[in-house]
Amino acid sequence: MKKQICILGSTGSIGTQALDVIEQHSDLYEVYCLTANNRVELLAQQARKFQPAALVIANEEHYNELQTLLADQPQIKVYAGKTALCDIVEADPIDMVLTAMVGFSGLEPTIHAIKARKKICLANKETLVVAGELICKLTGEHHTPILPVDSEHSAIFQSIVGEGDNGIERILLTASGGPFRLLPEDKLTTVTQADALKHPTWEMGAKITIDSATMMNKGFEVIEAKWLFGVEARKIQVLVHPQSIIHSAVEFVDGSVKAQLGVPDMRLPIQYAFSYPHRLPLKGSRLDLFRQPLEFFEPDLNKFPCLSLAFDAIQKGGNMPCILNAANEVVNEGFRTEQCSFPDIGRIIQQTMATVSYDANPSLDVYLQTDTEARRVAHELMNGR
């Protein structure tokens with residue numbers, strides 16, 4: 001029987017690459033549902049090609065347009081709205097849910113998929129950043145597996161497979177350093193969105209590319225790694241590795257280090273999450289270690305304060321990572337729309353963390369309230385109120 005897959009966020013970078021993996025292994029996998037927020041035409045094109053049982057367009061304003069585009073495909077059921085996202089992941093035929101939505105919006109559908117005991121292929125890092133303790137509690141209660149899709153966390157996972165209860169001394173989390181790694185700090189005040197979107201090694205969506213430029217993305221990955229692998233943040237070391245060949249590594253208590261290497265291709269961790277514990281053939285480039293050296297540098301926390309703020313948030317715990325994420329989503333968009341400068345990003349996030357109400361033991365309702373409050377505060381700070 002083919003495994004039935006639901007892709008939350010099929011029109012984004014991860015979603016489109018996941019569909020390529022599914023197409024390469026159409027004898028093993030089949031698309032049950034595709035979802036998007038605004039990219040209606042691409043969603044309709046994907047539906048025609050992969051013939052899913054259902055589609056969900058999260059932005060209800062696009063529902064009629066999507067129905068019109070697929071008027072000649074009555075066998076494909078079309079739904080709209082946030083509630084539909086939460087409902088569709090519970091559908092009985094679904095075996096796996098790839099959570100590739102961007103930002104806080106992925107949290108509630110992921111919770112519903114966990115409660116429905118679907119295998120979670122996690123690409124939406126904000127789910128664990130915002131509510132890692134709650135997610136871990138739910139996966140334990142419902143015996144739901146989470147397989148990481150981020151290249152770094154997939155690398156860590158692949159490094160510990162077969163290690164049983166062997167103790168982890170450190171996680172070595174690699175980062176490309178982004179487009180501004182070599183730019184003098186005093187030049188950051190004038191960089192633009194176009195500058196920040198020129199990522200040196202990866203092709204990603206705009207939001208995550210900006211997060212990579214600020215190194216907030218790496219801060220999020222530190223938080224994600226803590227929850228995925230049960231390792232305290234103090235045991236997670238960030239290494240700037242410009243070549244993006246070593247995707248991350250694990251140092252064990254005996255000093256041995258295991259790493260996963262490969263070309264920068266997100267299809268590999270996506271496919272491994274789908275196929276684990278098996279490895280399947282994958283078309284694409286292969287690693288050639290003769291072509292370039294492997295370099296490592298310490299991150300500059302003064303130049304990239306967002307990474308330091310992420311460590312502060314996870315040390316504080318409670319709803320502080322939720323505040324961090326909400327503020328970041330606001331200023332990330334603000335930078336992309338020229339409402340704030342690049343250095344303003346870290347400043348506004350820090351001020352938001354100092355302002356929003358702290359809760360040491362948040363529930364889902366508290367997370368939702370925190371997200372709303374933090375966004376309001378960040379908007380006000382960005383607009384100079």
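This note comments on a sheet, a cavity and the aromatic pairs of the structure above.

1. Basis of the comments. The model is predicted: local features need pLDDT of at least 70, side-chain atom pairs count only at pLDDT 80 or more, and totals for chains, interfaces and linings use all residues. Numbering starts from 1 along each chain as its sequence is written, and side-chain values use heavy atoms, with hydrogens and water left out.

2. The sheet. Four strands form an open sheet with mixed pairing, in the order E9-E8-E10-E11. Strands (E, at least two residues) and helices (H or I, at least four) are DSSP runs numbered from the N terminus, and two strands pair if DSSP finds at least two bridges between them. Strand E9 (236–240) and strand E11 (257–261) are the edges; each has a single partner strand, so one side of each is left without a neighbour in the sheet. From one strand to the next the twist averages 20 degrees; axes are lines fitted to C-alpha atoms, and angles run from 0 to 180 degrees between N-to-C directions.

3. The E8–E9 pairing. Strand E8 (residues 168–175) runs parallel to E9, and 5 bridges join them. Leu172 has Gln237 in E9 as its bridge partner.

4. The cavity. A cavity is a set of points on a 1 Å grid over the protein atoms alone where a 1.4 Å probe fits but cannot get out; lining residues have an atom within 4 Å of a point. There is 1 cavity of 30 Å³ or more, and the largest cavity has a volume of about 60 Å³, a volume being the space filled by probe spheres set on the points, which are joined across faces, edges and corners. Its lining includes Ser151, Gln158, His247 and Asp265. Helix H7 (151–160) and helix H11 (267–275) are the elements that give two or more residues to this lining, and H7 supplies the largest share, 3 residues.

5. Phe180 and Phe342. The whole structure holds 6 aromatic pairs; rings of Phe, Tyr and Trp (its six-membered ring) pair if their centres lie within 6.5 Å, and planes under 30 degrees apart count as stacked, over 60 as edge-to-face and the rest as tilted. The centres of Phe180 and Phe342 are 5.1 Å apart and the planes stand at 85 degrees, so this pair is edge-to-face. Phe180 lies in the loop between E8 and helix H8 (193–196) and Phe342 in helix H14 (residues 342–355), 162 residues apart.

6. The tyrosine pair. Tyr272 and Tyr276 are also edge-to-face, at 5.7 Å centre to centre and 65 degrees between the planes. Ring pairs link both to Phe157 in a cluster.

Note on methods:
1 Å grid on protein atoms, 1.4 Å probe; cavity = no way out; pocket = protein on both sides within 12 Å on 5 of 7 lines; lining within 4 Å.
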